[in-house]
Amino acid sequence: MNTRTFRILALTGILVAGAGPLAQGQKPLGPTDHPTLPRNESDLWLVPSVADRAARVTPAATTLAAAVKRYQDGDYAGALSTLSRLPSSAALDDYIDYYTGLAQLRLQKYPEAKKTFTAIAERKPQGAVSLLAALAHGEAAEAAGEYRAAVNIYQRVADTKGLVTDDVLTRLGRAALADGDRKTAAQAYVRLYYEFALTDAATAAASQLQSLQDQIVKSGYQADLGRAVM
């Protein structure tokens, strides 16, 4: 037996040995079995379908949406009238009261607006409505000329981690100046200048600080260095 014949026989033996499992009943290769796709798109994408969302909309939510649309269109009296017809709902009360307070504010019903926003604050709601209601409450106090009350409202928000923004500090500085509290105004504008250095509000704060230099006590240049690297 020459070398070429030996190699052919050896290769044939390997192929025969490789076919052994098939001869013992192993299934041949074929398409992979996949679960059947659901016909309901909500089950497929794990989000509500259009039909599902429509079914979940309650009459109260529809009425609230209509009231908000009236408010956005400038029909504050109409929005207030619509909101007053809504029954109490744990899921919607904060938003009903928020837009009620806004409508009262735009109609210059300041005592009513402040009372509405105070009720929201006392419930300590979660989410964006907490900040929005506090800002509107401060705005109502400012509009009524009660600047000390506005300062207190804005100060509470400014001292709350996660809620303070450049808008909050701008409002705080403005209300403090209107109240004659130059120290609080300076503190607000200093925070605004350093903590929100890349905003237009920080640029405006710089001009305000020029007239408040007597209220500013510097303790080094660390804040300036930090602002410079932003």
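Because the model is predicted, local features are reported only at pLDDT of at least 70 and side-chain atom pairs only at pLDDT 80 or more, while totals for chains, interfaces and linings use all residues. Residues are numbered from 1 along each chain as its sequence is written, and side-chain values use heavy atoms, with hydrogens and water left out.

The chain has 14 helices and zero strands; helices (H or I, at least four residues) and strands (E, at least two) are DSSP runs, numbered from the N terminus. Of the 230 residues of the chain, 30% count as buried. Buried means under 20% relative accessible area, exposed means over 50%, and partly exposed lies in between (1.4 Å probe, protein chains only). Among the contacts in the chain with a separation of 6 or more, 47% are accounted for by residues 24 or more positions apart, where contact means heavy atoms within 4.5 Å.

Two packed helices are described by the angle between their axes and the distance between the axes. Axes are lines fitted to C-alpha atoms, for helices over the stretch in contact, and angles run from 0 to 180 degrees between N-to-C directions. Angles under 35 degrees count as roughly parallel, over 145 as roughly antiparallel, 65 to 115 as roughly perpendicular and the rest as oblique. A crossing is left-handed if the near helix is turned anticlockwise from the far one by less than a right angle, and right-handed if clockwise.

Helices H7 and H8 pack at an angle of about 155 degrees, and their axes are 8 Å apart. H7 is therefore roughly antiparallel to H8, and the crossing of H7 and H8 is left-handed. Residues of H7 in this contact include Asp-93, Tyr-98, Leu-102 and Leu-105, and those of H8 include Tyr-110, Phe-117, Ile-120 and Arg-123. The contact of H7 with H8 divides into seven nonpolar, four polar and five charged residues. Here Ala, Val, Leu, Ile, Met, Phe, Trp, Tyr, Cys and Pro count as nonpolar, Asp, Glu, Lys and Arg as charged, and the others, Gly among them, as polar.

H7 also packs with H9, at an angle of about 20 degrees and with the axes 10 Å apart. H7 and H9 are therefore roughly parallel to each other, with a left-handed crossing. On the H7 side the contact includes Tyr-95, Tyr-98 and Leu-102, and on the H9 side Val-129, Leu-132 and Ala-136. By class, the contact of H7 with H9 has ten nonpolar, no polar and three charged residues.

Two loops next to these helices each hold a residue with positive phi. Most residues other than glycine have a negative phi. Gln-108, in the loop between helix H7 (93-106) and helix H8 (110-123), has a phi near 60 degrees. At 58% relative accessibility, Gln-108 counts as exposed. Lys-124, in the loop between H8 and helix H9 (128-143), has a phi near 50 degrees. Lys-124 counts as exposed, at 67% relative accessibility.

Helix H10 (residues 147-158) and helix H11 (residues 166-178) pack at an angle of about 155 degrees, with their axes 9 Å apart. H10 and H11 are therefore roughly antiparallel to each other, and their crossing is left-handed. Among the residues that meet are Tyr-147, Val-151 and Val-157 in H10 and Val-168, Leu-169 and Leu-172 in H11. The contact of H10 with H11 has twelve nonpolar, one polar and two charged residues.

Leu-131, in helix H9, is buried, with a relative accessible area of 18%. Residues up to four places away in sequence not counted, Leu-131 touches Val-157, Leu-163 and Val-168. Leu-131 and Val-168 are 37 residues apart along the chain, and their C-alpha atoms are separated by 9.4 Å.

Arg-191 is found in helix H12 (residues 182-195) and counts as partly exposed, at 26% relative accessibility. Leaving aside neighbours within four places in sequence, Arg-191 is in contact with Ala-158, Asp-159, Val-164, Leu-169 and Phe-196. The C-alpha atoms of Arg-191 and Ala-205, 14 residues apart along the chain, are separated by 9.2 Å.

In helix H13 (residues 200-209), the buried residues are Ala-201, Ala-202, Ala-205 and Leu-209. These cover an arc of only 95 degrees around the axis, which puts them on the same side of H13; the arc is that of the directions from the helix axis to the C-beta atoms. Asp-200 and Thr-203 are exposed on the other side of H13.
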